[in-house]
Amino acid sequence: MNPLLDKLQPYPFEKLRELFAGITPNSAYKAISLGIGEPKHPTPAFICQALADHLPGLASYPTTAGSDDLRKAIAGWIERRYALPALDPATQVLPVNGSREALFALAHTVIDPVPGALVMCPNPFYQIYEGAAYLTGAQPYFANSDPARNFAPDYRSVPEEVWRHVQLLYVCSPGNPTGAVLTLSDWKELFDLSDRYGFVIAADECYSEIYFKPEPPLGGLEAAHKLGRHNYPRLVSFSSLSKRSNVPGMRSGFVAGDADILKKFLLYRTYHGSAMSPSIQSASIAAWNDETHVRENRAKYMAKFNQVTPMLREVLDVELPDAGFYLWAGVDKRAAISDTDFARRLYAEYNVTVLPGSYLAREAHGVNPGRNRVRMALVAEVDECLEAASRIVEFTRKLAAS
């Protein structure tokens, strides 16, 4: 067996199951889960219809590069969303089976597993980054989030000697779980470092279409264009229909950017067997070409966050994030309690599930930046989220009074 598999840690939800082992939650309350970031809004009917209309496509083998029509639809969406000049759909865009598998697979294209090879990850982080690092023979290096910067990673604290060994940098903006969005200044700093040390930047942007300000989150390709970085050197951006269009089961996304990297990535994927079903491709074209359902989806999230955040702010250390559908809340504002104890007792006493922040981070540079925080995914309908918030407020006030 591959010995590198032994380096992988249990996924956060496995840890959560262990934390809840032996607990029978209070039966007076209906179960509400804010633990898993799985979109719960209904899939738009026109996407379902497009899928049904193209089921005959199941009779054909798909190409790894995807159809010309799909690549053109994705390129068109990127150009409209980020005000970019025309992309070459044949060389600068590649459909993928959801951003998760592509984020993992890219490392196998990019990493040269020489001794000391590093993959830099934000901390807290999406655990796929860490697993990709280990299974390519590299080591992860964690850049801790900085509360003073709305939980964006503190890259300036990274020593120069570390940067010399970085081959791949994972950026998550908007961030999971923090919701932080990188600024143009942040991107310039990263691009300058990439130019100096030669590492590839993988920009995970799957939460880009759920935001709460008038202006949408800045994307990596958009930042590169604004800074005059033509052809997006050493930059690839990842996005997905899962959150944008409420179709997590379609497993449909894209990678776009540096054509030289995508050429090698396509070669890797051809051997890996990563081709998207023709039926899914057709439904994806319909989704990328429509913005009405995206605006409606965003409005539903905005309504939830604008109601839930003020309620929870009274008892937790929490603010409206830049973007995304998570609240990243400190639990010890009113009572001394750890994130794991908070999650366990909330589940036992009020039948509400949240994810301990320490499960989403690693001990790095003397601290676990997720400690005493919890991630709450506001993915259910507004009434259910408000009910969960009411229970959390009652639970937290009870803690403070005890």
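How many of the residues of strand β6 (residues 166-172) are buried? In this predicted model, the count is 7 of 7, and the strand is accordingly described as mostly covered.

Strand β6 is paired with two strands. Strand β3 (residues 118-123) is joined to β6 by 3 bridges, and these two strands run parallel. Within this pairing, Met120 has Leu169 of β6 as its bridge partner. Strand β7 (residues 200-204) is also parallel to β6, with 5 bridges between them. Here Leu169 stands opposite Ile201 of β7.

The chain as a whole contains 14 helices and 13 strands. Of its 402 residues, 57% count as buried. The C-alpha trace spans about 60 × 55 × 45 Å along the principal axes of the chain. The radius of gyration is 21 Å; because a compact globule of 402 residues would have a value near 21 Å, the chain agrees with that expectation.

Surface features were examined at the start of the chain. Met1, Leu5 and Leu8 make up a nonpolar patch on the surface, and their accessible area together is about 360 Å². One of these residues, Leu5, is located in the segment that precedes helix α1 (12-19). Leu5 has a relative accessible area of 40% and is therefore classed as partly exposed, since that class lies between the limits of 20% for buried and 50% for exposed residues. The value for Leu5 also meets the requirement of over 30% that applies to residues of a patch.

A further residue considered was Thr109, which belongs to helix α4 (residues 99-110). The relative accessibility of Thr109 is 23%, so this residue counts as partly exposed; the label buried would require a value under 20%. Thr109 and Ile36 are 73 residues apart along the chain, and 29 Å separates their C-alpha atoms.

In summary, the model shows a mostly covered strand, β6, in parallel pairing with β3 and with β7. Partly exposed positions include Leu5 in the segment before α1 and Thr109 in helix α4.

Key
Residues are numbered from 1 along each chain as its sequence is written. This is a predicted model: local features need pLDDT of at least 70, side-chain atom pairs count only at pLDDT 80 or more; totals for chains, interfaces and linings use all residues. Side-chain values use heavy atoms; hydrogens and water are left out. Patches are made of residues with over 30% relative accessible area and no salt bridge: like charges are joined within 9 Å, nonpolar side chains (Val, Leu, Ile, Met, Phe, Trp, Tyr) within 5 Å. Accessible areas come from the Shrake-Rupley method with a 1.4 Å probe; for residues, only the protein chains shown count as cover. A salt bridge is a side-chain nitrogen of Lys or Arg within 4 Å of a carboxyl oxygen of Asp or Glu. Helices (H or I, at least four residues) and strands (E, at least two) are DSSP runs, numbered from the N terminus. Buried means under 20% relative accessible area, exposed over 50%, partly exposed in between (1.4 Å probe, protein chains only). Two strands pair if DSSP finds at least two bridges between them. The radius of gyration is taken over C-alpha atoms; the globule rule is 2.2 Å times the number of residues to the power 0.38.
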